[in-house]
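Subject: Structure handover

Hello,

Here is the structure for you to take over. My notes on what was found follow below it.

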Amino acid sequence: MTDDETREEFHEDPLEHTEVWAGMSVGDLATEYGKAGIGAKDMGHAVDVYAEMLNRDDVTNFFGLAGAMVPGGMRSVVADLIRDGHIDVLVTTGANLTHDAIEAIGGHHHHGRTGEDGREREHDERLRDEGVDRIYNVYLPQEHFTLFEEHLRDDVFPEFDGPVAISEFTRELGRANRAANRERGLDADAGIAAAAYANDVPVFVPAIQDSVLGIQAWMHSQVSAFTFDALADLTNITDVAFDAKKAGATVVGGGVPKNFVLQTMLTVPEAYDYGVQLTADPASTGGLSGATLDEARSWGKLEKSARNATVLGDATITLPLLVAAARDRIE
């Protein structure tokens with residue numbers, strides 16, 4: 001017999017088996033996940049950390065949103081988090097804001113297919129001929145981009161003359177989206193940028209040129225004094241971090257939004273006290289998108305004592321589960 005006290009990597013914490021029942025809440029499901037192992041355990045732990053982060057009034061919440069989350073149907077989840085005070089700073093991509101604005105002014109994404117019958121090339125060639133863009137199993141008619149470009153030219157760009165911080169530009173975009181949505185009497189929600197404008201939440205887009213929004217901004221800069229002052233945003237986000245009593249990071253996906261959120265703590269004396277990451281990429285690739293938040297601790301981006309969790313999986317599945325379960329815990 002081996003004495004349990006001699007096992008340095010063991011403690012008495014028997015795994016329990018997840019149970020499910022009719023009528024259970026999402027919070028109940030997360031609790032049941034926590035009893036299990038592998039990915040279920042990670043999800044249960046992430047809900048615990050995220051709920052604690054949201055429950056504390058002294059935590060400033062930084063939220064990174066990468067990937068095709070708006071075309072993938074996560075627009076309302078993020079907009080509602082902003083309205084409910086669960087996001088204090090949003091860092092996202094120009095692509096997400098492009099698709100957000102398209103929906104705000106009357107465009108729509110549509111259910112599509114992937115060409116899973118083995119004829120992907122033929123499928124996409126036909127979509128091109130028909131003027132339809134594909135994002136995995138989501139379609140977007142190209143005429144919606146024309147509507148978006150007109151919106152920028154008529155309602156957003158005229159407000160600026162000269163250099164502007166990207167976060168100031170996205171604030172104006174949110175105002176314009178909200179106004180256009182109301183003027184047209186649309187049933188669709190005004191969306192993420194509009195919610196951020198209405199709730200005074202700054203929106204940072206550190207790689208804005210990597211998007212249709214960025215391309216349109218560049219085109220406007222060719223015929224005007226308009227340009228982006230990207231370094232001004234480092235000042236703006238650093239000011240928020242410096243004033244935070246405690247800070248939490250929620251990163252959905254990886255890439256530039258994730259790094260921009262995490263690197264902010266390299267410019268202030270403190271670091272993140274909480275961190276939750278939802279990603280589809282494993283850490284073994286050595287890439288940023290899969291890098292664990294424990295690794296970020298080695299850089300001084302997370303406090304040594306920070307509570308953090310990483311969940312591997314499709315964020316269109318894990319984000320609604322995380323948010324719904326945390327809401328059960330805090331409401």
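Two strands are counted as paired if DSSP finds at least two bridges between them. With that in mind, this predicted model has an open sheet of 6 strands, in the order β7-β2-β1-β9-β10-β11 and with parallel pairing. The edges are taken by β7 (203-204) and β11 (302-312); each has a single partner strand, so one side of each is left without a neighbour in the sheet. Within the sheet, β1 (residues 59-65) and β9 (residues 246-252) are joined in the parallel sense over 7 bridges. F63 has T250 in β9 as its bridge partner.

Next, the charged pairs. Searching the whole structure gives 16 salt bridges. One of them links R83 to D189, with the closest N and O atoms 2.6 Å apart. R83 belongs to helix α3 (residues 75-83) and D189 to the loop between α7 (166-183) and α8 (192-198), so this pair ties together parts that are 106 residues apart in sequence. R83 is partly exposed, at 33% relative accessible area, and D189 is partly exposed, also at 33%.

Two further salt bridges lie within helices. In α5 (residues 120-130), E125 and R121 are 4 residues apart, which puts about one helical turn between them. Their closest N and O atoms are 2.8 Å apart. E125 is partly exposed, with 39% relative accessibility, whereas R121 is exposed, with a relative accessible area of 67%. In α12 (residues 293-298), R297 and D294 are 3 residues apart, about one turn of the helix. Their side chains form a salt bridge of 2.7 Å, N to O, and D294 is partly exposed at 47% relative accessible area. There is also a network: salt bridges with shared partners join D80, R83 and D189.

Finally, the surface. Which residues form a negative patch there? They are E12, D13, E16 and E19. E12 sits in the segment before α1 (26-35). Its relative accessible area is 58%, and as exposed means over 50%, E12 counts as exposed.

A nonpolar surface patch of about 330 Å² is made by I215, W218 and M219. I215 is in helix α9 (residues 212-221). At 44% relative accessibility, I215 is partly exposed; that value lies between the 20% limit for buried and the 50% limit for exposed.

Regards

How values were computed. Residues numbered from 1 in each chain as written. Predicted model: local features only at pLDDT ≥ 70, side-chain atom pairs only at ≥ 80, totals over all residues. Heavy atoms only, no water. Patch = residues over 30% accessible without salt bridge, like charges linked within 9 Å, V, L, I, M, F, W, Y side chains within 5 Å. Areas by Shrake-Rupley, 256 points an atom, 1.4 Å probe, with all protein chains shown as cover. Salt bridge = Lys/Arg side-chain N within 4 Å of Asp/Glu carboxyl O. Lys, Arg positive; Asp, Glu negative; His and termini not counted. Charge placed at Lys NZ, Arg CZ, Asp CG, Glu CD. Helix = DSSP H or I, 4+ residues; strand = E, 2+ residues; numbered from the N terminus. Buried < 20%, exposed > 50% of the residue type's maximum accessible area, 1.4 Å probe, protein only.
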